[in-house]
Amino acid sequence: MSASLPFWLLWVTTPILMASQARIAAPASLRLSKALKPGYEVLRCVAGDDAAAAARRQVLILPGNPGIPGYYEDFATALAKRLSADGGVTVTALGLLGHCADAKSDPTTFRVFGLDEQIEHATEQLGELEKAAPRDAKIAVLGHSIGANIGLKAVHALDWPQKVKAVGLLTPFLQNNDDNPDFASKKRLATMGFAWRLLAFLGFLVQLLPLFLRRILFHGTVKDMDTKARELTLTAMLRRRS
């Protein structure tokens, strides 16, 4: 990415990540909706009574792995509440392609999407959001982990749309770090086709277990998660290709 690109980056760290834990007064109106699209999910939180104002102030969240918007429900709601103090706002979490909590309704269950396809997906959705927004709208793109990488490249691909005013990066994953032994070992595993296929198959077998047995088996992994994240991990994560 060229250093001469006409944009600046808003680095967002602990204070905003902590927003989901803060006690924030609820706005006069807060509407949460979820939609299953072909191969991906969308979670949207609209705060405030003025629909026109909410359309003019928008935040697009691009998640990290596992790419399921449900993990960001509390964060998106808390962020919408906080931002609504200055007027209506819409916070949208866009799921990654092929990462759906509802496996039965996912037509891409047996497809694996690469990073380029995820960037193309985000670029298309951001372009549609920018086109549909009012002329005076202000859009912030907020990427987490690999979602930060995807968000930057989507904005770059669209030549920094006029209505996009900021890009925020939460613990961004921007490049490979082969000097890190932990990362290098995971990268080797990820590039061994038979290895990840075996792990995916094992995850599929585990999903066949009753939920109470999965809770016992993965207690150490999920014990510190909140209830929603714990249930998502024990259901949506433990299936082929997630």
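View 1. Of its 242 residues, 42% count as buried. Among the contacts in the chain with a separation of 6 or more, 75% are made by residues 24 or more positions apart. The mean pLDDT of the chain is 80, and 80% of the residues reach 70 or more. Over residues 1-24, however, pLDDT stays under 50, and for this stretch the model has 36 contacts beyond four places in sequence. Where pLDDT is low, the predicted coordinates should not be read in detail.

**View 2. Strand E6 and its pairing with E4 and E7.** Strand E6 covers residues 138-144 and runs parallel to strand E4, residues 57-62, to which six bridges join it. Within this pairing, Leu 62 stands opposite Gly 143 of E6. Six bridges also join E6 to strand E7, residues 164-170, and these two strands likewise run parallel. Here Ile 139 has Val 164 of E7 as its bridge partner.

**View 3. The largest nonpolar core and the elements that supply it.** The largest nonpolar core has 26 residues, and those with the most contacts inside it are Leu 62, Leu 126, Val 141, Ile 150, Val 155, Val 164 and Val 167. At least two residues of this core come from each of strand E3 (40-47), E4, helix H4 (115-132), E6, H5 and E7. Helix H5 gives the largest share, which is six residues. For Leu 126, with its neighbours within four places in sequence left aside, the residues in contact are Leu 60, Val 141, Ala 154, Val 155, Leu 158 and Val 164.

View 4. In one of them the side chains of Lys 34 and Glu 73 meet, at 2.9 Å from N to O. Because Lys 34 lies in strand E2 (residues 30-37) and Glu 73 in helix H3 (residues 73-83), this pair ties together parts that are 39 residues apart in sequence. Lys 34 counts as exposed, at 59% relative accessibility, whereas Glu 73, at 12% relative accessibility, counts as buried. The side chains of Lys 228 and Asp 74 also meet in a salt bridge, at 3.0 Å from N to O. This second pair links distant parts of the chain, with Lys 228 in helix H10 (residues 227-235) and Asp 74 in helix H3, 154 residues apart. Lys 228 is partly exposed, with a relative accessible area of 37%, and Asp 74 also counts as partly exposed, at 33% relative accessibility. Through salt bridges that share partners, Lys 34, Glu 73, Asp 74 and Lys 228 are joined into one network.

**View 5. The salt bridge between Asp 136 and Arg 56.** Asp 136 forms a salt bridge with Arg 56, and the closest N and O atoms are 3.9 Å apart. Since Asp 136 lies in the loop between H4 and E6 and Arg 56 in helix H2 (residues 51-56), the pair ties together parts that are 80 residues apart in sequence. Arg 56 counts as partly exposed, at 30% relative accessibility.

**View 6. Backbone details in two loops.** A cis peptide bond, with omega of about 10 degrees, joins Asn 65 and Pro 66, and Pro 66 lies in the loop between E4 and H3. In the loop between H5 and E7 lies Asp 159, which has a positive phi of about 60 degrees although it is not a glycine. Trp 160, placed in the loop between H5 and E7, has a phi near 50 degrees, again a positive value in a residue other than glycine. Asp 159 counts as exposed, at 58% relative accessibility, whereas Trp 160 is buried, with a relative accessible area of 15%.

Note on methods. Residues numbered from 1 in each chain as written. Heavy atoms only, no water. Pairing = 2+ DSSP bridges. Helix = DSSP H or I, 4+ residues; strand = E, 2+ residues; numbered from the N terminus. Core = buried A, V, L, I, M, F, W, Y, C linked by side-chain atoms within 4.5 Å. Buried < 20%, exposed > 50% of the residue type's maximum accessible area, 1.4 Å probe, protein only. Contact = heavy atoms within 4.5 Å. pLDDT = per-residue confidence, 0-100. Salt bridge = Lys/Arg side-chain N within 4 Å of Asp/Glu carboxyl O.
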